[in-house]
Amino acid sequence: MEHGHDYQPGHTYNFQILGRVYAGLLVLAALMIGFFLMPIERLPIDWLDLHLIKRLLILADAITMVGIIAGFLMGLKYEKTKLNAVIFLSNFAFLTIFLLFVMADIGMRGAMDPSFTKQLNWKSPVTEENNKMQEAPAP
Amino acid sequence: MTAHVHDNINYLKTSKGLKSWLTTVDHKRIGLMYLASILVFFITGGLYALLFRLELWTPNKDFLSVDQYNNFFTMHGVIMVFLVVVPGIPGALGNFVLPLQIGAKDLAFPKLNLTSLYLYWLGAILAVISLLAGHADSGWTFYAPYSLSKNPAVMWMLTAAFLLGFSSILTGLNFIVTIHKMRAPGMTWFRMPLFIWALYATAIMQVFATPVLGITLILMLVENFFHIGIFDPALGGDPILMQHFFWFYSHPAVYIIVVPAFGIASELIATFSKKEIFGYKFIAFSSVAITVIGFLVWGHHMFVAGQSEVADTIFSFLTFFTAIPSAIKVFNWTTTLYKGSIELRTPMLYGLQVLFNFTIGGLTGIILAILSVDIHLHDTYFVVSHFHYVAMGTTMIAFIGGIHYWWPKMTGRMYNEVVGKFASLLVFVGFNTVFFPQLIMGSQGSPRRYYHYLPDFQIFHQISTIGIIILAVGLFTALINLLMSLRRAPDAPQNPWGARTLEWEFAETPPVLFNFKETPVVTHGPYEFAKEGA
Amino acid sequence: MASTTLQEHEVAHHFDDLEQEFESQKFGMWLFMASEIMMFGALLVGGLFLLYLHPDAFAESRPHLDWRLGALNTFFLLTGGFTMARAAGFAQQREQGKVRTNLILSLLLACGFLVVKTIEYKAKFHHGLLPGHAFHGEGFTSLHAHIFFGYYFVATGLHALHVLIGMGLMIWCLKVSKRVQFTRDYYTPVEFAGMYWALVDLVWVFLFPLLYLVG
């Protein structure tokens with residue numbers, strides 16, 4: 001049926017590239033744990049939010065790993081039809097929208113009218129006290 | 001790929017017996033099974049509505065207890081949303097028509113299609129179990145924390161909705177792949193009938209939004225069993241987060257419900273005006289635009305729920321944008337009618353009703369999107385009426401119109417035209433008698449979901465109840481008319497409406513097992529009536 | 001190696017040719033993965049929301065998860081992804097035997113993941129770090145530590161369920177490999193099982209830092 005038609009499904013796997021991808025992923029995973037173990041408490045820097053930087057580094061590392069997994073192990077890089085990539089990436093767009101809008105709610109309750117949160121406060125008072133304690137010294 | 005002898009016999013006769021239906025992978029038979037199941041649930045859900053509307057004849061207790069009343073409107077909501085309108089048009093008509101309209105032998109994944117039908121049935125069974133397990137009374141939205149009170153009926157219902165969502169994802173996935181990969185030679189994107197465009201837009205929402213419903217329902221179940229405290233305020237959770245999760249699916253679900261109806265309306269209005277549809281590309285892309293905007297507006301369900309005012313403002317602003325693609329459709333349908341040679345056959349009567357009802361349903365939506373007005377109208381009968389003008393007045397009317405339109409293709413029989421027209425008139429009068437008074441009493445502040453109401457509103461409730469009786473008579477007349485036609489000998493011509501789409505021009509009535517005796521080659525657009533005078 | 005009874009794959013009746021069949025199936029697979037990611041993504045959004053709502057509970061509870069076990073599991077999953085890709089590569093080369101070896105290796109790695117997971121769960125049960133009212137962990141000042149552990153169990157449980165489904169797919173591939181000869185034109189089952197396993201990896205790469213490292 002399909003003979004005489006020089007179509008080949010998918011891409012041909014290259015074991016050399018695969019090996020490098022695997023090694024790269026392991027290095028990134030080790031790096032992630034390295035970021036986590038960084039002894040930032042001991043550094044004499046207080047003009048920078050090192051906790052935030054640590055989180056951002058870990059996040060960037062995770063995103064890189066996801067990119068490599070999707071690109072090479074799932075084969076998104078080799079897809080000839082752009083559509084597959086569009087479909088696969090568009091859900092990240094939807095999720096970003098979801099996150100941003102949910103945060104626009106939770107992060108901004110009472111931003112315009114401070115009495116608003118007093119009326120509708122789902123947080124228990126005990127947690128609020130804990131939050132205040134949390135804000136003062138870094139853990 | 002060997003040709004079997006029975007390949008050229010019509011699909012209803014290729015094999016016989018219950019087993020051959022239950023194990024079939026033929027999209028036409030699966031479509032018919034969906035149709036039968038959905039009609040059964042439509043009647044069930046309708047009977048619930050009839051009963052609690054009768055109860056509302058007087059402001060006092062008549063024959064339902066308070067618990068029963070809560071249970072009945074919940075059952076009406078859950079059945080109608082999850083078992084009727086969401087799977088309705090894609091499952092029944094989409095399954096049957098989609099491969100025929102694009103010239104494919106079947107959907108891309110026939111076994112997956114059967115799987116989604118079985119998941120639908122399983123979900124339906126669980127819904128029935130919920131009915132036996134007690135009184136589900138949370139409303140179809142399952143808002144926390146009330147739905148977290150370990151009511152077994154609610155928990156069964158959550159599981160049912162999860163399975164139905166899964167079924168919906170698989171159907172959507174199947175449709176997208178089929179539309180992309182299985183079109184006949186010559187069937188370019190802009191030669192696809194608008195029904196296909198609508199199903200495509202719907203399928204995108206099914207695939208991308210429904211998983212969020214899945215995780216919401218999983219979290220609700222876990223919350224019920226283990227009290228993890230994500231949604232339960234007593235444990236430190238946030239019930240508004242639950243509403244975010246729920247509406248991130250359920251607002252696109254509103255468009256999953258209504259966009260296929262737009263597709264049917266486009267088919268009906270173009271075919272019975274015998275005129276190239278006005279602004280084909282605008283209608284096609286407006287379906288896609290509704291899909292995209294539909295993902296950005298879910299927060300307008302939560303204006304008074306305790307969401308931040310910033311989010312309120314953003315969502316209100318974005319909601320106005322949905323008016324643009326919706327209006328594009330209404331204007332283009334109206335322009336298509338202009339100077340067309342309109343034939344008022346039964347399906348067309350339903351098509352025109354869609355135009356009328358959706359204009360009301362859409363415009364009341366704009367009113368509700370205005371923040372300050374919504375604070376007055378929220379949770380009143382105005383909202384009830386608004387979404388019934390869309391879900392019932394647009395979707396179900398289009399669905400019924402579509403059944404009348406494709407009935408000859410499905411069964412090979414013509415129904416009685418006079419009875420059909422009479423029934424559609426009853427449906428139109430009945431529907432508007434039910435819901436127009438609700439708009440008025442809602443704007444005067446009558447709250448929804450209550451068992452009692454102020455005696456001042458009795459007259460509106462009574463008109464509404466009279467309306468539902470007319471509506472029920474109309475719907476049963478239509479159903480009996482369709483079923484009676486089955487007793488006749490097959491008499492439908494291949495193309496009774498003079499339509500220009502593939503399923504009428506190329507496929508036999510009823511179609512053969514693999515739809516076409518040979519692969520059709522498409523040489524013209526779906527609505528090119530003018531050139532040959534058809 | 002390949003026995004004599006292996007069949008060649010035949011294109012299903014409703015497809016015109018191999019190209020249409022493979023491209024359709026691949027496209028369907030991508031859509032399915034997209035919907036899976038929407039589901040897990042929403043779960044992660046929920047997690048971030050809770051992190052924002054109760055940072056104290058997260059900060060206090062996070063050290064109770066052992067990052068070493070998490071790292072070991074990351075290693076198992078990534079290696080599994082590597083062996084699955086190799087299995088697909090060998091399927092293209094008609095090396096039925098090597099396909100099976102790699103599938104079995106992946107299966108073992110997946111089992112390893114589940115064993116580690118069980119050890120972790122056991123420790124949580126032992127210390128009473130459980131969701132909701134069952135929570136009786138000691139030394140917590142935050143009132144909402146139970147939410148962290150509730151979320152932990154839901155998220156890792158759902159992920160573990162996907163690990164099980166992935167293992168099911170590997171077993172299915174092993175079965176197919178005994179019946180059908182994989183070729184350069186037909187290696188779809190192994191390819192798709194590999195894609196699914198990559199999805200399991202991908203979700204873990206987000207879950208691992210969110211639960212074990214950030215908080």
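These legends cover close-up views of two chain contacts in a predicted model.

**View 1. The contact between chain A and chain C.** Chain A contributes 57 residues and chain C contributes 61 residues. Together the two chains bury about 5,500 Å². Carbon and sulfur atoms account for 76% of that area.

**View 2. The salt bridge between chain A and chain C.** One salt bridge spans this interface. Its partners are the side chains of Glu79(A) and Lys26(C), at 2.8 Å from N to O. Polar contacts link twelve residue pairs between chain A and chain C, both residues at pLDDT 80 or more.

**View 3. The side of chain A that touches chain C.** Four helices of chain A each supply at least two residues here: α1 (15-37), α2 (50-73), α3 (82-106) and α5 (125-135). α3(A) gives the most, with 13 residues. By class, this side of chain A has 36 nonpolar, 16 polar and five charged residues.

**View 4. The contact between chain B and chain C.** Here 35 residues come from chain B and 33 residues from chain C. The buried area is about 3,000 Å², with 78% on carbon and sulfur atoms.

**View 5. The salt bridge between chain B and chain C.** The count for this pair of chains is one salt bridge. Lys105(B) and Asp16(C) form it through their side chains, at 3.8 Å from N to O. Five residue pairs are in polar contact between chain B and chain C, both residues at pLDDT 80 or more.

**View 6. The side of chain B that touches chain C.** α5 (152-181), α6 (194-226) and α7 (239-273) of chain B each supply at least two residues. α6(B) gives the most, with nine residues. This side of chain B divides into 26 nonpolar, five polar and four charged residues.

How values were computed:
Residues numbered from 1 in each chain as written. Chains lettered and ligands numbered in written order. Predicted model: local features only at pLDDT ≥ 70, side-chain atom pairs only at ≥ 80, totals over all residues. Heavy atoms only, no water. Contact = heavy atoms within 4.5 Å. Buried area = accessible area lost by both parts, 1.4 Å probe. Salt bridge = Lys/Arg side-chain N within 4 Å of Asp/Glu carboxyl O. Polar contact = N/O pair within 3.5 Å; in protein donor to acceptor, adjacent residues only side chain to side chain. Nonpolar A, V, L, I, M, F, W, Y, C, P; charged D, E, K, R; others polar.
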